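Please read them with the structure open.

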Amino acid sequence: MPSDQPYRLPRLERFLSAPRHNPTALRLILAAQLRRLRLKASLSPIEAGDVLRCSESKISRLERGEVQLKERDVADLLRLYGASEDEIAEFLSLVRRSHESGWWHRFDDVLPKWFDKFVGLQEAASVIRTYEVLLVPGLLQTPGYARAVATGDNPLEADREVVRRRVELRLARQELLGYPDAPKLWVVMEEGVLQRQVAQREVMREQMGHLARMAQRPNVRVQVVPSASPQCVTSGFPITHLRFDPPELPEIVYLEHVGDAVYLDKEEETEQYRSILDGLLNSAECPEASLKRIREAEASYR
C-alpha cells in the first residue's frame, strides 16, 4: 500500500480503541483512505468507476462514506491502487468491522432512521458546533428535562415506555463527552432557551445548574445570544456543524426538521452555515457572561 500506511493506522486507532464501537466513524475513515489512495495513484473517479463498472457519482458517494463499503469493490479498488494482498486483507478486516452495528442500534425501537446517521457522526466528530433556538442541546440535558421534552405537550397521552427509552438514548449519547478523546462541544443558544419553561420549576432549576457545570468543562463552551442583541439571519431552526479528524473528512452540517433531517457535506453549503454560526458567535456574550446568565436563570426557578 502507498507510503502513508503508517499515517493511517494511528488515525484508525482512535476509533478502534474507542469506549464504544462506532461503525460510522470507521466507515468514514476507510472511505477517506480510499480517496487518498486514489489521488496518490493519480486516478480519476471515472477511472476508478470503470474498475467497478459503476458511475463516477457512486465512487464519490463511496469516498464520502455515504454507502456501505462492499468487500469486493474495496479489494478491486485497492488492487488498482497498487496494494498487496496482505494489505488488502488487513483493510478488508476493517471493512467488516464497519458493517457491525453501532451501540445505538439497540434503541432502534425509538430511533428514527433519519437520526441514526447523526448519532454515529456526532460520536465520530472532533468538534461539534451547535446553535439552539428553543431547547437545551440534547448532549447537555438532564434526565428530567429530557423526559419533559420526550413527553411533549400531552403528558397524559405519552407512552411511558417510549419516553423512558428516548431518555435512555439521550443519556447514552451524552457519554461521548466523557471519552478520553472527547470532542469539543461549542454551543450557541438563544437567551429564550433559558427562559422557556418546558418542565416543572425544580426540573428547570436542576437543568440550569447542570448546564452551568457543563459549561465549565474544558471541552465544552456555551455562549448565550441575549434577546436584545442584534440577530444574525438564520433559518429559524437548530444548526449543528461537525468537524472530523483527520481533516480530509468533509465537514457536515445537520439540519433537523419535524420528522426529518438534512445532511450537507458540499463545501459551499457547509461554508454558508459555518459563516452563520460565526455571526451568531459574534452576537453572543462571552462564556463568562453567558455563565452568569445561566446562573441567573437557575436562581429564577427557585
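1. In this predicted model, strands β1 and β4 (residues 239-243) pair in the antiparallel sense, with five bridges between them. Within this pairing, Tyr131 stands opposite Ile239 of β4.

2. Strand β1 also pairs with β2 (residues 184-190), here in the parallel sense and over six bridges. Val127 has Lys184 of β2 as its bridge partner.

3. What covers β1, on one face or on both? Both faces are covered. Val127, Arg129 and Tyr131 are buried on one side, and Ile128, Thr130 and Glu132 are buried on the other. In a regular strand, side chains alternate between the two faces of the sheet. Six of the six residues of β1 are buried, that is, under 20% relative accessible area, so β1 is largely enclosed by the rest of the structure. Note that charged residues are included here: Arg129 on one side and Glu132 on the other are both buried.

4. Strand β4 is also paired with β5, in the antiparallel sense, through four bridges. His241 has Val253 in β5 as its bridge partner. Four of the five residues of β4 are buried, so this strand too is largely enclosed by the rest of the structure.

5. The largest pocket has a volume of about 1,600 Å³. Among the elements that give two or more residues to its lining are the strands β1 (127-132) and β5 (252-257). The others are α7 (113-124), α8 (143-151) and α9 (160-174).

6. Which element gives the most to the lining of the largest pocket? It is α8, with seven residues. In total, 50 residues line the pocket, and those that lie nearest its centre are Leu135, Val149, Ala150, Arg170 and Glu256.

7. By residue class, the lining of the largest pocket holds 28 nonpolar, 12 polar and 10 charged residues. Arg170 and Glu256, both charged, are among the residues nearest the centre, as are the nonpolar Leu135, Val149 and Ala150.

Methods. Residues are numbered from 1 along each chain as its sequence is written. This is a predicted model: local features need pLDDT of at least 70, side-chain atom pairs count only at pLDDT 80 or more; totals for chains, interfaces and linings use all residues. Side-chain values use heavy atoms; hydrogens and water are left out. On a 1 Å grid over the protein atoms alone, a cavity is a set of points where a 1.4 Å probe fits but cannot get out, and a pocket is an open set with protein on both sides within 12 Å along at least five of seven lines; lining residues have an atom within 4 Å of a point. Grid points are joined across faces, edges and corners, and a volume is the space filled by probe spheres set on the points. Buried means under 20% relative accessible area, exposed over 50%, partly exposed in between (1.4 Å probe, protein chains only). Two strands pair if DSSP finds at least two bridges between them.
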